[in-house]
Structure formats: structure tokens, C-alpha cells
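Here are my notes for you to read with the model open beside them. Take the points in order and find each one on screen as you go.

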Amino acid sequence: MTIGSIGAGHMGSAILRSVLDSGLYTPDRIHISSPVASELEPFAARGCSTGLDNLRTARNAELIVLAVRPGQAIGVLEEIAPVCEDTCILSICAGVTVGSMKASLPRSASVLRVMPNLPVVCGLGATVMATPEDVPERFVESAKAIFRCGGIVELMDETLINAVTSLGGSAVAYFFRMADVMAGWAKENGIPPDAALRIAAQTMSGAAKMLTGSGKTPDELANGVAVPGGMTEAAFKAFDSAGFDAALKAGMDACRNRGIELVSLS
């Protein structure tokens, strides 16, 4: 099977790099188009077929990753529709429903809606794929294999995609922001900035490994650190007073709700 990617920005290129690095597809089976030449250069150097022409990419690929901005998705699909007979679109466009995309394509084309996150580039991504309907099994299995190159893959109903985006896709940025605040606090307290970021990042990485490997709940793990009368417990009390949990949930609500708004605009 040949694959294509229309778009090679942050997420598109992360997916492509994970596929190439894994060896799942050789460069001669990968076709990429983008209006930004600098996005194509790293993949041309690795032997992929690259260019500005979306039609050429779609014509040469059986499985096409749609990695453009949500507002561009339908226009791009209408552009490539004449060469999309019996192909499958893997859309990573937030807020663009399967139904709206299928309406722009030939009846024989399939659509899978997928929501990955940026850590796919280092093999630690979390991807959610909308439960496929009437999509040939070979496309479903190929799609799973592509995103497993970059981490785990979960299947869920399409109605949950916006909530999952807040949990996985956008949540990467939540952790980056948390690390930035922690490192900024550390600098104010005399800790060198580079060391502070390394410590914060390593702590997050270690905590994630404990969470997935210990068999314990997050609450159990947290309580194991926050001993009565200790420093961590004091931090938790301050978090509660400042409304940490409520603020985090409010942000996640806002992220999910924006996804719902995007659906109504598409």
C-alpha cells in the first residue's frame, strides 16, 4: 500500500517521521504535498516523493493523511475528490466530522477520523481513532499500524473525539505550560533554568511511567507522596485553596466546547 500526506506541518511531519523511522513504509511508498517548501525538504532528503500538487499526491496514494488546518479540510477534499475513488482519508482535522468529509468525496472513498498528539514523533503518542463504519478492514489495519509507530491507539465513538482532544491532543500543551510555570518558579528560587527544566521534564516522565506501570490509581500514587504534615501535603492544600482542580477542568471544558463549535462551523 502507498500512503500520502497532504500537509507536513507540526503534526503531519511528526506522523511521517514516526512512520519512516519505524520502517513501516519505505520512502518510495510515501507521497507528500505542501505549499510550504521548507516542510517538504526533510522528506525529500529521505527519498519521499514531494511536491506542491495535492492532486498528484492523492493520485499516487491509497491511504491519505489529511493534515491541514480544519478550515481548509473541505476545500482540499473537493480539490482531490476526482482522484479519490477507492481511497481512504485519514483526517487529523479537529472539528471536521466524518459525515461532512464524506459528502465531499466519491461514494467509494472511505474516511477515518483520527486524533493523535505531538509525542508521536518520539514514539510516546496517544492516538484516538473514531470507530470505523463501512471502512474496508485493510484500511483500518493500515491506519492502526501507522499510528502505532508513534505510540498507543485507542478506538472510540466519534462523539467522544472532542473530549479526547482535550484529554490527549491539547493536553500536551497543558503539561508544557505546567513545566514552564514550575521552571519559572525554580528560577525565582535560585535554581538554574536549564537544570530546572531537566528536573521538571524528568519528573513528569518518571511520574507517567509510574502511572502506567504501577497498577495504582493516580490518587493512590499522589497520596503515597503526600504524607501527613509533609511538604507535598502543604502544596496540595495550597492547590486546593487556589482552585487548581477547578481551573484544570474549566480549561478542558473550554477545549472540548471549542471542538463542538468547530463542528457547527464546518
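**Notes on the fold**

1. Start with the sheet: it is open, has eight strands in the order S3-S2-S1-S4-S5-S6-S7-S8, and its pairing is mixed. Strands here are DSSP runs of E with at least two residues, helices are runs of H or I with at least four, and both are numbered from the N terminus. Two strands pair if DSSP finds at least two bridges between them. At the edges sit strand S3 (49-51) and strand S8 (151-156), each pairing on one side only. From one strand to the next, the twist averages 20°.

2. Before going on, a word on the source: this is a predicted model, where local features need pLDDT of at least 70 and side-chain atom pairs count only at pLDDT 80 or more, while totals for chains, interfaces and linings use all residues. Residues are numbered from 1 along each chain as its sequence is written, and side-chain values use heavy atoms, with hydrogens and water left out.

3. Now look at one pair of strands. S1 (residues 3-6) and S2 (residues 30-33) run parallel and share four bridges. Find Gly4, and you'll see His31 of S2 opposite. Helix H2 (residues 37-45) lies across S2 and S3, at about 160° to S3. (Angles run from 0 to 180 degrees between N-to-C directions, and axes are lines fitted to C-alpha atoms, for helices over the stretch in contact.)

4. Is Asn54 buried or exposed? This residue of helix H3 (residues 54-59) counts as buried because its relative accessibility is 13%; the cut-offs are under 20% for buried and over 50% for exposed, with partly exposed in between (1.4 Å probe, protein chains only). Leaving out residues up to four places away in sequence, Asn54 touches Ile6, Ser33, Val76, Glu79 and Ile80. Contact means heavy atoms within 4.5 Å.

5. H7 brings Thr165, Ser166, Leu167, Gly168 and Gly169 to the contact, and H8 brings Ala171, Val172 and Tyr174. Sorted by class, that makes four nonpolar, four polar and no charged residues. (Nonpolar covers Ala, Val, Leu, Ile, Met, Phe, Trp, Tyr, Cys and Pro; charged covers Asp, Glu, Lys and Arg; the others, Gly among them, are polar.)
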